[in-house]
Amino acid sequence: MSAPTSLLRSREGQLIFFTAIFYFAVGIASPSFLSLQTLDAIITDSAILMIMASAQMMVILTRGIDLTVAANIALSGMVGALIGMHWPNTPLTAIIGASVLTGLSLGLLNAVFIALFGIPSIVVSLGAMTIYRGMIFVLSSGQWVNAQEMPVSFTVFPLDRLVGLSNLALIGIIISILAVLAMRYTRFGRELYAIGGNPEATDYVGINTRARLFTVYTLTGGLAGLCGYLWVARFAIAYTEIALGFELLTVAACVIGGVGIAGGTGTVLGAVLGALFLSMLQNALPVMGISPFWQLAVSGLAILAAVIVNSRGQRQKGMQILRVAH
Amino acid sequence: MNNKPAESTEHPLLEVRNIVKEFPGVRALDGVRLRLNTGEVCALLGENGAGKSTLVKILTGVYQQTAGEILMDGRPLSLHSAQEAWSAGITAIHQETIMFGELSVAENIFMGHHLTGRFGMVDWKTMYARTEELLSRLGIEDFASNTPLKELSVAQRHLVEVAKALSHDTRILIMDEPTASLSQKEVDELFVIVRKLRDEGKAILFISHRFNDIFAISDNFVVFRDGAFAGEGVLKETSEDELVRMMAGRRVEHAHHDRSTVSEESMLQVDQLNHATEFKDISFTLRRGEILGFYGLVGSGRSELMHAIFGLTKPVSGEMHLEGDPFSPETPEDAIIRGLAYVPEDRQHCGAILNMSIRDNITLPSLTSITGGLKLNKGKENEFARRYASKLKVKAHSLQQLVGTLSGGNQQKVVIGKWLGAEPKVIILDEPTKGIDVGAKAMVHNFINELVESDLSVIIVSSELPEVMGLTDRIVVMREGLTRATLPTADTTQEDIVALAMGLK
Amino acid sequence: MQANNNVYAIPDALPLQFLDRLRSREALLLALLLVVVVVNSMLSPYFLDLYNLADSTQNFSEKAIIVLSMALVIIGKEIDISVASIIALSGVLMGAAAASGLDTWMVVAVGLASGTLAGAVNGLLVTRLALPSIIVTIGTMSLYRGIAFIILGDQAYTDFPANFAAIGQTYFFGELVPTQLLIFVLLAALAWLFLHLTIYGRRLYAIGNNPMAARYSGIKVDNYRLALLTLNGFVSALAAVLLVSRIATARPNMAGGWELEVITIVILGGVSIFGGSGRIPGVILAVLLIGMVQFGMQLINVPGIIMSIVTGVLLIASLVLPIVFGKLYAGSKR
C-alpha cells in the first residue's frame with residue numbers, strides 16, 4: 001500500500017482530509033471563513049477541548065472514563081477567579097498554579113477511588129462530578145464572578161497574541177504535541193496501551209497498573225485545572241454551571257478520533273483531530289447560516305456517524321478459512 | 001541431533017523444597033518438591049487442581065509461598081514480584097497467550113521493559129532491530145517485528161513468547177500447556193525450538209496433559225497429586241499407565257469402543273452447506289445412535305460448521321434435514337426446539353455462566369419446559385438441576401454454588417448437564433475434554449458412550465487423536481473449510497487421519 | 001463402568017445465615033433510610049405529616065419510574081444516558097401538539113409514542129449495528145435534546161389543555177396519593193414481578209452476566225436489549241407526561257442532569273454497573289432514601305445543588321465503605 005493510501009486508511013488521515021474539505025467547502029460559500037483569523041479562532045476555540053480530549057483519550061485507552069473533567073474545570077476555574085477577585089494583586093502564575101493545584105487534587109481524589117479502591121470509573125465519575133459541581137456553589141455562595149471583578153492580567157492572558165496565534169491556541173498546540181510524544185515515546189504511554197488491551201496480562205509483564213492509572217487520573221485532573229483557569233479567563237466569567245456537558249464533548253472528540261470505547265486502541269492525534277473537527281463544525285454552523293440551536297443535534301449526529309464508522313472498521317465477517325483463489 | 005546434555009553441576013539449577021501454599025480455607029500446595037537441571041526438559045504432570053498452576057505462579061513471582069524455599073544454583077531465591085522472577089531468569093509461557101493483540105510483536109516482547117535511549121524516550125529503532133535478531137535466531141520467517149500480534153495464529157504467538165523469553169537471559173523456561181491448541185505440525189515445529197533451547201543449557205519445565213507430547217519432548221518427570229508430591233523419574237523408564245496411576249492414585253478405565261447402537265436411520269443430514277469464508281460444500285450424515293467425530297487442524301472450520309448447524313451463523317446455501325424434516329435454524333433457539341444441543345469449546349465464555357449458580361446454569365435452556373409458563377418455580381428447578389447434577393456427579397457443596405468456583409472438569413459437567421436437561425436428540429460436543437485432567441476425561445468419555453446408549457446421536461469435534469480413535473464410529477476429516485474424507489474409525493489408522501488433515505494425502 | 005457407586009447427594013442450598021442477610025445492600029439501605037427518617041423528623045415538624053410525605057413524592061416519582069426501567073437496562077449489561085433528552089424531546093413535542101390544538105389524549109399519545117420511538121432507535125442502533133450502548137446513548141443524548149432545541153430554541157410551551165395539566169396534578173384515594181406515586185408503585189410492582197418471578201427475569205440475569213453464553217443457551221439476547229431500551233424510552237416519555245403536566249411547561253432544557261441522578265440511584269440500589277446483579281427491593285429502597293433526603297433538605301431550605309453533593313457522596317460511600325470494612329455489601333442475584 002502506498003503511503004498516501006495507508007494514511008487515508010487511518011482515522012487520523014481521514015479526519016484531516018474531511019476537516020480540510022469541510023473547511024474549504026465552507027470557505028467557498030463564505031470566503032471570509034478562509035482567513036488566518038478564522039483558523040486562529042478555530043484553534044483558540046478548540047484548545048481547551050484539544051487538551052481535555054487528549055487527557056480523556058488516555059483514560060478511555062485504559063478502559064475507563066472520566067466524566068468529572070467538566071466539573072473539575074468549573075471548580076478549578078472558580079478557585080482561580082475567586083482568588084483573582086479577592087486578591088487582585090496576586091501574580092498570574094500563582095493564580096494559574098492555584099487552579100492547577102485544585103484540578104490535581106480533584107484528579108487525585110478520583111485516582112484514589114478508581115486506582116486504589118478499584119471502583120469502576122464511570123461510577124466514581126457520576127458521584128464525584130455532582131460533588132465537585134456542588135462545591136462550586138458552596139465556594140461561591142452561588143454568586144457569579146464577572147469580568148469587572150477579575151484583574152486585567154487574569155483575563156487578558158488567554159487571548160493575548162504571541163506569534164500570531166493566541167496564547168490559548170499555543171498552549172493547546174503545545175500540550176497536544178506533548179501528549180502525542182508521551183504516548184509514543186514514554187514507557188508510561190506504551191503501558192497504557194497494554195493496560196487497556198489486556199488488563200489481566202499486565203501483572204505478568206510487571207506493569208504497575210495501579211500506579212499508571214493513578215497517574216492518568218491525577219494528570220487529567222491537573223490538565224482540567226489548567227483548563228479551568230483558561231476557560232474562566234477566556235470567557236471572563238465564572239459560575240457554577242460553566243462547561244456543563246463538556247465532559248461528553250471530550251468523549252465525543254475521542255470517538256470521532258477513532259479511539260475505541262472498549263480500550264486499547266486509538267491515538268492522541270486522533271482525539272485532538274476529533275476535537276478540531278467538532279470545533280470546526282460548531283464554528284461553521286453560524287457561517288453557514290444555521291442557527292446555533294442546531295449545534296447540539298449536529299454534534300450528536302457526528303458522534304453517531306463516527307461510532308458507526310468505527311465499528312465497520314473493526315467488523316470481522318467470520319474467519320477466512322477457505323483458501324482464497326488467486 | 002540430540003546432544004547429550006552437559007553433566008549437571010553439584011547443584012540443580014532450580015530446586016523447590018517443601019513449598020506450602022495456603023489460601024483461605026484451602027491448602028493448594030502441601031510440601032511439594034521439584035528439581036530442574038540445566039539442559040533438561042522436565043515434565044510436570046498432575047490432574048487439574050493438583051497444584052501445577054499454583055507452583056508456576058509462585059515461580060513467576062505472582063504468588064508468594066506460605067512456607068518452603070526455592071533455591072537457584074544452591075542459593076535461596078526471593079520471588080516477591082514478577083519483576084524479580086524475570087530478573088532471576090525464570091519465564092513462563094502460558095496456554096492462553098498473555099499478550100497484547102493491538103501491539104506489535106516487538107512491543108509484546110519488550111512490554112514492561114521497553115528499551116530507552118536519550119532522555120529516557122522509548123528507542124523504537126533498537127527494539128525492532130533486537131526483535132528481528134531474536135526472530136531469526138529462532139528461524140522465524142513468516143512474520144516480522146512490526147506485525148500486529150492479532151494477525152498471528154496461536155502457534156505463532158507461542159513462538160513470540162519464546163522469543164520474549166530469550167530477549168533476556170532466561171535460564172528456566174516454564175511451558176504451561178503450550179500445545180493444547182496446536183496442530184501436530186505446529187507442535188513438531190515448537191519442539192524443534194524447545195530442543196534447541198535445551199541444548200543451549202536452559203532448563204525447561206513442561207506442563208501438559210497430552211502424553212504423546214510429554215513422551216516426545218521430556219527427559220524426566222515429576223508428578224503432583226492433590227497438592228502434594230507424588231513421584232518423579234526418568235520418562236524412558238516408565239509408561240503412560242504408570243504415570244496415570246501416579247497422577248490419579250487409582251486405575252482409570254478407558255472408554256470401550258464396541259457399539260451396537262448405530263442404526264441406518266439418518267438423524268441429521270447436511271447437504272452442500274456453504275459459508276462465504278468459513279466452509280464450503282459440506283455434506284455428511286449423522287446416523288441415529290452413532291458418535292461421529294470431526295477431526296482437523298485448529299482453524300480447519302469444524303467449530304464454524306457447528307455454529308452454522310446450531311443457528312449461531314447463517315450459511316449462504318445448502319440444506320439440512322433433521323429426522324427427515326427440513327431444518328434451517330435462524331437462531332440457537334430454533335435449533336434447541338428441534339432437539340439439537342451444542343456444548344461449545346470455550347467452556348468459560350460460551351458454555352457456562354460463571355457468576356450464576358449450578359442450578360441456574362443447568363435450567364437455563366429449559367426454563368419454559370420446566371415451569372410450563374411464565375412464572376419461575378424454584379422447587380421444580382431444584383429438582384431438575386439435582387437430577388442432572390447427580391447424573392454427572394458434579395462435585396459441589398450445594399446447587400447454589402457459583403459455577404466459576406468449580407474445577408474445570410466440574411464446570412464441564414454442569415455444561416453437559418444443562419444440555420442433557422434440554423433433552424436433545426442430537427448433541428454436538430466441541431473439544432469436550434480440552435484442558436481437563438485424565439480422571440474427568442475418562443468420566444466424560446464414559447458418559448458420551450452412555451448418551452448414545454440412551455438413544456442420542458453425538459457429533460464430537462476433537463483435535464485429540466486418542467479421543468477420536470477411541471470414541472467414534474466414523475471420522476470426518478476437515479481441512480481448510482472442506483471435508484477431505486469420511487472414514488469408519490475401526491478401519492483407519494491415526495497416521496491416515498493426520499495425513500488427511502495436514503493435506504499430505 | 002463407573003468408578004464408584006457412592007450415593008450422590010447435594011443440598012439445594014446452604015442455609016442462609018442471619019449475618020448474610022445483614023450484609024446485603026438492602027439491609028444497609030434500610031438502615032440508612034431509618035437514620036434519615038429520624039433525622040428529618042427531628043429537623044422539621046412538617047416531616048411526619050402523611051399529606052406532606054405523599055406530596056413530596058410528586059416531583060421525585062418522575063425520576064423514580066425511570067430508575068425502575070434503567071435498573072433493568074443496567075442489569076442487562078447495557079446503559080442509557082439519553083433518558084433526560086428523551087424527556088425533553090417528548091415534552092417539547094407534546095407542547096407542539098398542544099399548541100396545535102390537539103386534545104389531551106392525543107397530546108399524551110404523541111408524547112408516549114415519541115419517547116418509545118426514541119428508545120427503539122437506541123435499541124436498533126445497539127442491536128442491528130452491534131454498537132456499544134454507552135456511545136450510542138451519548139450520541140442520541142445530544143441528538144434528541146438537540147432536536148428539541150431546533151424545534152423550540154429558547155422558548156417554552158405553556159399552553160396546555162386543562163385536562164392535560166390535571167394528569168400531573170391529581171390526587172387519588174382521598175386527596176392523598178398523587179398520580180406520580182401511583183404510577184411508581186404500579187411500575188415497581190411490575191418490575192419486581194418481571195425480574196424476580198418470571199423466566200424472562202432469569203434470562204435477563206443470564207444476559208447481564210454473560211451475553212455470549214446466554215446466546216449459546218438459546219436466549220434471544222438482541223430481542224431483550226431492543227425491548228429494554230425501547231421500554232426505557234417509553235418510561236422516559238411517561239415521566240415527561242407527568243412532569244410536563246405537573247409544571248404545565250415544556251422547554252428544551254428541562255430534566256437537565258436527570259440521567260446521572262437516575263443511574264446514581266440505580267447503582268446505589270445495589271445494581272452492578274457491569275450487569276448481571278441487583279434486585280428491585282434494593283432499587284426501591286435507594287429511591288426512598290434519596291427521596292427522603294431530598295425532602296428533608298427541602299424542608300430546611302437547603303439548595304438543590306447541595307442535595308446533589310449528598311447523592312454523590314452517598315454513591316461513592318456506598319461502594320467504598322464495604323471495601324474499607326472488609327465486608328461485601330454486594331447486590332444479590334436471586
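Let us start with two helices of chain C. Helix 13 (residues 258-268) and helix 14 (residues 280-299) of chain C pack with their axes 7 Å apart, at an angle of about 125°. Here helices (H or I, at least four residues) and strands (E, at least two) are DSSP runs numbered from the N terminus. Axes are lines fitted to C-alpha atoms, for helices over the stretch in contact, and angles between N-to-C directions run from 0 to 180 degrees. Helix 13 and helix 14 of chain C are therefore oblique to each other; under 35 degrees counts as roughly parallel, over 145 as roughly antiparallel, 65 to 115 as roughly perpendicular, and the rest as oblique.

This is a predicted model, in which local features need pLDDT of at least 70 and side-chain atom pairs count only at pLDDT 80 or more, while totals for chains, interfaces and linings use all residues. Residues are numbered from 1 along each chain as its sequence is written, and chains are lettered from A and ligands numbered from 1 in the order in which they are written.

Which residues make the contact? Helix 13 of chain C contributes C:Ile265, C:Val266 and C:Leu268, and helix 14 of chain C contributes C:Val283, C:Ala286, C:Val287 and C:Ile290. Residues are in contact if their C-beta atoms, placed from the backbone, lie within 7 Å. By class, this contact has seven nonpolar, no polar and no charged residues. Nonpolar covers Ala, Val, Leu, Ile, Met, Phe, Trp, Tyr, Cys and Pro; charged covers Asp, Glu, Lys and Arg; the others, Gly among them, are polar.

I turn to the chain interfaces. Chain C places 36 residues in contact with 33 residues of chain A. On the chain C side, helix 7 (133-152), helix 13 and helix 15 (304-324) each give two or more residues, and helix 7 of chain C gives the most, with 13 residues. That side of chain C has 26 nonpolar, nine polar and one charged residues.

Across the two chains, the axes of helix 6 (residues 121-140) of chain A and helix 15 of chain C come within 8 Å and cross at roughly 145°. Their crossing is left-handed. Among the residues in this contact are A:Gly127, A:Arg133 and A:Phe137 of helix 6 of chain A, and C:Ser308, C:Gly312 and C:Leu319 of helix 15 of chain C. By class, the contact has 13 nonpolar, six polar and one charged residues.

The contact between chain A and chain B takes 23 residues from chain A and 28 residues from chain B. Helix 9 (residues 187-197) of chain A supplies the largest share of the chain A side, five residues.

Finally, chain B itself. An automatic or database domain assignment gives the bounds: domain 1 (13-89 + 171-249), domain 2 (99-168) and domain 3 (266-502). The centres of domain 1 and domain 3 of chain B, taken over C-alpha atoms, are separated by 33 Å. Their contact takes 13 residues from domain 1 of chain B and 13 residues from domain 3 of chain B.

Chain B also holds an open sheet of four strands, in the order 12-11-14-15 with antiparallel pairing; strands pair if DSSP finds at least two bridges between them. Strand 12 (282-287) and strand 15 (325-326) of chain B are the edge strands, each pairing on one side only. Two bridges join strand 14 (residues 317-322) of chain B to strand 15 of chain B, and B:Leu322 has B:Asp325 as its bridge partner in strand 15 of chain B.

Note on methods. Contact = placed C-beta atoms within 7 Å. Left-handed = near helix turned anticlockwise from the far one by under 90°.
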